[in-house]
Amino acid sequence: MAKKFMYLNRKAPYGSIYALESLEVVLIGAAFEQDVSLAFIGDGVYQLTKGQNTDGVGMKNFSPTYAALGDYDINKIYVEKESLEERGLTLDDLQHLVWEDEDDDWAEKDSIRLVSRAEMADILDEQDVTLSF
Amino acid sequence: MATLHTVNKSPFESATFETCLGLAKSGSTILLIEDGIYAATQGTKAAEAINNAEGINFAVLGPDAQARGVDSKLADGIKVVDYDGFVDLVAEHDKVQAWL
């Protein structure tokens, strides 16, 4: 019986190790065929900004890895609208993450779902396990 | 004395930037580094506070903004420096206060 796993991401990338560690755990967890969702709230939304370039800081740019999540059947990526707005961001500032639906002739579909805080509360409430980073 | 303040925390995660801004004297410089650079991005309350602050200079460490993908979102009029510019700022001020 697959459980609903939520990875809740609340921290900006690079300033601490949380964002990268979360991504590592998500990819490891993907092997266990659970019902996985990711949520990005607060500074966590900064993890998904496009155009990250770490050449100048000598750190690994792990942002391209988010684009691989679709290949691991992780296609429920919730981004909180209020968190984006507080930060002067819109969906256009984030990477365009997609997955291929094998039940729909491998049609490419959006992975990111923009939700309100109230909707996010309901989504979190539905989970069996929530891992917070 | 002209002080160079460095702030490395996101303004959404901690009150460091707000506290620093409240205590910084006219003629000092606040250099935003690491997650502190988000304070200088357009459309945030912190950027508004920067815009309204008088007598204080602001700078952003460019490589940290580029790493985070927000270098094109920095508020108008914010000075962007590289590591050499960071060193210059240190040399130009009487002392450095690193807010952690």
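This is a predicted model: local features need pLDDT of at least 70, side-chain atom pairs count only at pLDDT 80 or more; totals for chains, interfaces and linings use all residues.
Colleague: What makes strand E1 (residues 4–9) of chain A largely enclosed?

Modeller: A residue is called buried if 20 or more other C-beta atoms lie within 10 Å of its own. Five of the six residues of E1(A) are buried, so the strand is largely enclosed by the rest of the structure.

Colleague: How do you know that E1(A) and strand E2 (residues 35–40) of chain A pair?

Modeller: Pairing needs at least two bridges between the strands. E1(A) and E2(A) have six bridges, in the parallel sense, so they count as a pair by that definition. For Met6(A), the bridge partner in E2(A) is Ser37(A).

Colleague: Why is the path from E1(A) to E2(A) called a right-handed crossover?

Modeller: The name applies if the path from the first strand over the helix to the second runs clockwise, with the strands pointing away from the viewer. In chain A the path leaves E1(A), passes through helix H1 (residues 18–29) and reaches E2(A); this β-α-β crossover is right-handed.

Colleague: Which strand pairs with E1(A) over four bridges?

Modeller: Strand E7 (residues 129–132) of chain A does, again in the parallel sense. Here the bridge partner of Met6(A) is Thr130(A).

Colleague: What makes strand E6 (112–115) and E7 of chain A edge strands?

Modeller: The open sheet of chain A has five strands in the order E6-E3-E2-E1-E7, with parallel pairing. E6(A) and E7(A) each have a single partner strand, so one side of each is left without a neighbour in the sheet. Neighbouring strands here are turned by 25° against each other on average, direction ignored.

Colleague: How do you know that strand E3 (residues 77–80) of chain A is joined to E6(A)?

Modeller: Four bridges join these parallel strands, and at least two are needed for a pair. Val79(A), for one, stands opposite Leu114(A) in E6(A).

Colleague: Which strands does helix H3 (residues 117–125) of chain A touch as it packs on the sheet?

Modeller: H3(A) touches E1, E2, E3, E6 and E7 of chain A, and its direction makes about 140° with that of E3(A).

Colleague: Turning to chain B, what is the order of its elements?

Modeller: Chain B has four helices and five strands. From the N terminus they run β-α-β-α-β-α-β-α-β.

Colleague: Why is chain B called as compact as a globular protein of its length?

Modeller: The globule rule gives 13 Å for 100 residues, and the radius of gyration of chain B is 12 Å, close to that value, so chain B is as compact as a globular protein of that length. Its C-alpha atoms fill a box of roughly 35 × 25 × 25 Å along the principal axes. Of its 100 residues, 46% count as buried.

Colleague: What is the strand order in the sheet of chain B?

Modeller: The five strands stand in the order E4-E3-E2-E1-E5, in an open sheet with parallel pairing. Strand E4 (79–81) and strand E5 (95–99) of chain B are the edge strands, each pairing on one side only.

Colleague: What makes strand E2 (residues 29–32) and strand E3 (residues 57–61) of chain B a pair?

Modeller: They share four bridges in the parallel sense, against the at least two required. Among the residues involved, Ile30(B) has Phe58(B) as its bridge partner in E3(B).

Colleague: How many residues does each chain give to the contact between them?

Modeller: Chain B gives 19 residues and chain A gives 18 residues. On the side of chain B that touches chain A, five are nonpolar, eight polar and six charged.

Conventions
Residues are numbered from 1 along each chain as its sequence is written. Chains are lettered from A and ligands numbered from 1 in the order in which they are written. Two residues are in contact if their C-beta atoms, placed from the backbone, lie within 7 Å. Ala, Val, Leu, Ile, Met, Phe, Trp, Tyr, Cys and Pro count as nonpolar, Asp, Glu, Lys and Arg as charged, and the others, Gly among them, as polar. A residue is buried if 20 or more other C-beta atoms lie within 10 Å of its own, exposed if 12 or fewer, and partly exposed in between; C-beta atoms are placed from the backbone. Helices (H or I, at least four residues) and strands (E, at least two) are DSSP runs, numbered from the N terminus. The radius of gyration is taken over C-alpha atoms; the globule rule is 2.2 Å times the number of residues to the power 0.38. Axes are lines fitted to C-alpha atoms, for helices over the stretch in contact, and angles run from 0 to 180 degrees between N-to-C directions.
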